[in-house]
Amino acid sequence: QVQLVDSGGGLVQAGGSLRLSCAASGRSFSNYAMGWFRQAPGKEREFVAGISGSGSVTRYADSVKGRFTISRDNAANTGNLQMNSLKPEDTAVYYCAASWSTRLYPSLRQSEYGYWGQGTQVTISS
């Protein structure tokens, strides 16, 4: 079991960058795949990026591929999402999540993630 606290959101102009962080507590953090999801006003929560427990495999939503980079530091029990070339449509609350069952390959399915951070607001001005 893990507990997650995500942070790093804020207000930036289009084209700017933000780095989100996810601090994990609990045992065997490397046994959990980690993902990032986001939810914009009036929309459903959607998959953004995922990374395997070891950090060797990553997946990205088509909408962020080439702009966002997911990473993790298991020794520090942290995960990160580097967001570059931000667009107004990236505005959302971002959530980090962890999945034990899919630790070897990150899932894009929300139901696979049993542990969630509280969310951090990202706002991109046009």
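This is a predicted model: local features need pLDDT of at least 70, side-chain atom pairs count only at pLDDT 80 or more; totals for chains, interfaces and linings use all residues.
1. Secondary structure. The protein chain has 11 strands and 0 helices. Read from the N terminus, the order of elements is β-β-β-β-β-β-β-β-β-β-β. The radius of gyration is 13 Å, close to the 14 Å that the globule rule gives for 126 residues, so the protein chain is as compact as a globular protein of that length. The C-alpha trace spans about 40 × 25 × 25 Å along its principal axes.

2. Burial and surface. Of the 126 residues in the protein chain, 42% count as buried. The accessible surface comes to about 6,300 Å², and carbon and sulfur atoms account for 46% of that area.

3. Charge. The protein chain carries 12 positive and 8 negative side chains. The centres of these two sets lie 5 Å apart.

4. Aromatic pairs. How many aromatic pairs does a search of the whole structure find? The search finds 5. In one of them, the rings of F37 and W116 have centres 5.1 Å apart and planes at 55°, so the pair is tilted. Is F37 buried or exposed? F37 is buried, at a relative accessible area of 1%. W116, with 25% relative accessibility, counts as partly exposed.

5. Y113 is buried, its relative accessible area being 4%. Which residues do the ring pairs link into a cluster? They are F37, F47, Y113 and W116.

6. A97. This residue sits in strand 9 and is buried, with a relative accessible area of 0%. Apart from neighbours within four places in sequence, A97 is in contact with L4, A33, M34, G35, F37, Y113, Y115 and W116. The ring cluster includes F37, Y113 and W116, and A97 is in contact with these three residues. A97 and L108 are 11 residues apart in sequence, and their C-alpha atoms are 11 Å apart in space.

7. R103. Where is the place of R103? R103 lies in the loop between strand 9 (92–99) and strand 10. A relative accessible area of 33% makes R103 partly exposed. With neighbours within four places in sequence left aside, the contacts of R103 are N31, Y32, A33, S52 and G53. A33 is also among the contacts of A97. From R103 to G50 the separation is 53 residues in sequence and 10 Å in space, C-alpha to C-alpha.

8. P41. The loop between strand 4 and strand 5 (46–51) holds P41. P41 is exposed, with a relative accessible area of 73%. What separates the C-alpha atoms of P41 and V93? The distance is 8.6 Å, for two residues that are 52 residues apart along the chain.

9. Positive phi at N77. N77 is not a glycine, although its phi is positive at about 55°. The residue is found in the loop between strand 7 (68–73) and strand 8 (78–83). N77 is partly exposed, with a relative accessible area of 21%. The cut-off for buried is under 20%, so N77 at 21% falls in the partly exposed class.

10. Positive phi at S85. S85 is a residue other than glycine with a positive phi, near 50°. The position of S85 is in the loop between strand 8 and strand 9. With a relative accessible area of 41%, S85 is partly exposed.

Methods: Residues are numbered from 1 along each chain as its sequence is written. Side-chain values use heavy atoms; hydrogens and water are left out. Helices (H or I, at least four residues) and strands (E, at least two) are DSSP runs, numbered from the N terminus. The radius of gyration is taken over C-alpha atoms; the globule rule is 2.2 Å times the number of residues to the power 0.38. Buried means under 20% relative accessible area, exposed over 50%, partly exposed in between (1.4 Å probe, protein chains only). Accessible areas come from the Shrake-Rupley method with a 1.4 Å probe; for residues, only the protein chains shown count as cover. Lys and Arg count as positive and Asp and Glu as negative; His and the chain ends are not counted. The place of a charge is taken as NZ of Lys, CZ of Arg, CG of Asp or CD of Glu. Rings of Phe, Tyr and Trp (its six-membered ring) pair if their centres lie within 6.5 Å; planes under 30 degrees apart count as stacked, over 60 as edge-to-face and the rest as tilted. Contact means heavy atoms within 4.5 Å.
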